[in-house]
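Dear colleague,

Please find the structure below, handed over for your use. My findings follow it.

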Amino acid sequence: MHLIGPPAARATEAIVLSERMREFLGLLCHPKGYTYKEIAAIMHISISTLRKWRDRIRDRYGPHGKTALALWAKENGLG
């Protein structure tokens, strides 16, 4: 699988995420296939917060799109 983003950054950086961001990724990877709206309701936060977290993860580590983000999280033991 080819991830978009700077390969050097992915290879050398440890994955640093808050517990809430990890919780978000776990729900994103849940077999039930929660939507962002459902995840936001479960976590009692706004959808815009989820989008900010998604964008931060994308900017740091490279996965673009919901499916790519879920696959990246699973590959890295985060979901």
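Which residues in α3 meet which residues in α4? Tyr36, Lys37, Ile39, Ala40 and Met43 in α3 meet Ile47, Leu50, Trp53 and Arg54 in α4, where contact means heavy atoms within 4.5 Å. These residues divide into seven nonpolar, no polar and two charged. In this classification Ala, Val, Leu, Ile, Met, Phe, Trp, Tyr, Cys and Pro count as nonpolar, Asp, Glu, Lys and Arg as charged, and the others, Gly among them, as polar.

Before the remaining findings, a note on the basis of the work. This is a predicted model, in which local features need pLDDT of at least 70 and side-chain atom pairs count only at pLDDT 80 or more, while totals for chains, interfaces and linings use all residues. Residues are numbered from 1 along each chain as its sequence is written, and side-chain values use heavy atoms, with hydrogens and water left out.

Overall composition

The protein has five helices and zero strands, and its pattern along the sequence is α-α-α-α-α. Helices (H or I, at least four residues) and strands (E, at least two) are DSSP runs, numbered from the N terminus. Of the 79 residues, 33% count as buried; buried means under 20% relative accessible area, exposed over 50%, and partly exposed in between, with a 1.4 Å probe and protein chains only. The accessible surface comes to about 4,900 Å², and 55% of that surface belongs to carbon and sulfur atoms (Shrake-Rupley method, 1.4 Å probe; for residues, only the protein chains shown count as cover). Among contacts between residues at least 6 apart in sequence, 58% join residues at least 24 apart.

How the helices cross

The axes of α3 and α4 come within 9 Å and cross at roughly 110 degrees. Axes here are lines fitted to C-alpha atoms, for helices over the stretch in contact, and angles run from 0 to 180 degrees between N-to-C directions. The two helices α3 and α4 are therefore roughly perpendicular to each other. Angles under 35 degrees count as roughly parallel, over 145 as roughly antiparallel, 65 to 115 as roughly perpendicular and the rest as oblique.

Helix α2 (residues 19-28) and helix α3 (residues 36-43) have axes that come within 10 Å and cross at roughly 135 degrees, and α2 and α3 are therefore oblique to each other. In this contact Arg20, Glu23, Phe24, Leu27 and Leu28 in α2 meet Tyr36, Ile39, Ile42 and Met43 in α3. The residues of the contact of α2 with α3 divide into seven nonpolar, no polar and two charged.

The axes of α2 and α4 come within 11 Å, with a crossing of roughly 95 degrees. That makes α2 roughly perpendicular to α4. From α2, the contact is made by Arg20, Met21, Phe24 and Leu25, and from α4 by Leu50, Trp53, Arg54, Arg56 and Ile57. Six of the residues in the contact of α2 with α4 are nonpolar, none is polar and three are charged.

Helix α5

In helix α5 (residues 66-75), the buried residues are Ala68, Leu69, Ala70, Trp72 and Ala73. The buried residues of α5 pack against α2, α3 and α4 (47-61). Alanine 73 has a relative accessible area of 0%. Leaving aside its neighbours within four places in sequence, alanine 73 is in contact with Leu25, Cys29, Leu78 and Gly79. The C-alpha atoms of alanine 73 and arginine 22 are separated by 8.8 Å, although the two residues lie 51 residues apart along the chain.

Threonine 67 is also in helix α5, but threonine 67 is exposed, with a relative accessible area of 59%. From C-alpha to C-alpha, threonine 67 and leucine 28 are 9.1 Å apart in space and 39 residues apart in sequence. Just after α5, glycine 77 takes a positive phi of about 65 degrees.

Two loop histidines

Histidine 44 lies in the loop between α3 and α4 and counts as exposed at 71% relative accessibility. Its phi is near 60 degrees, a positive value in a residue other than glycine. Histidine 64 is placed in the loop between α4 and α5 and is partly exposed, with a relative accessible area of 40%. Histidine 64 and arginine 54 are ten residues apart in sequence and 8.9 Å apart in space, C-alpha to C-alpha.

With kind regards
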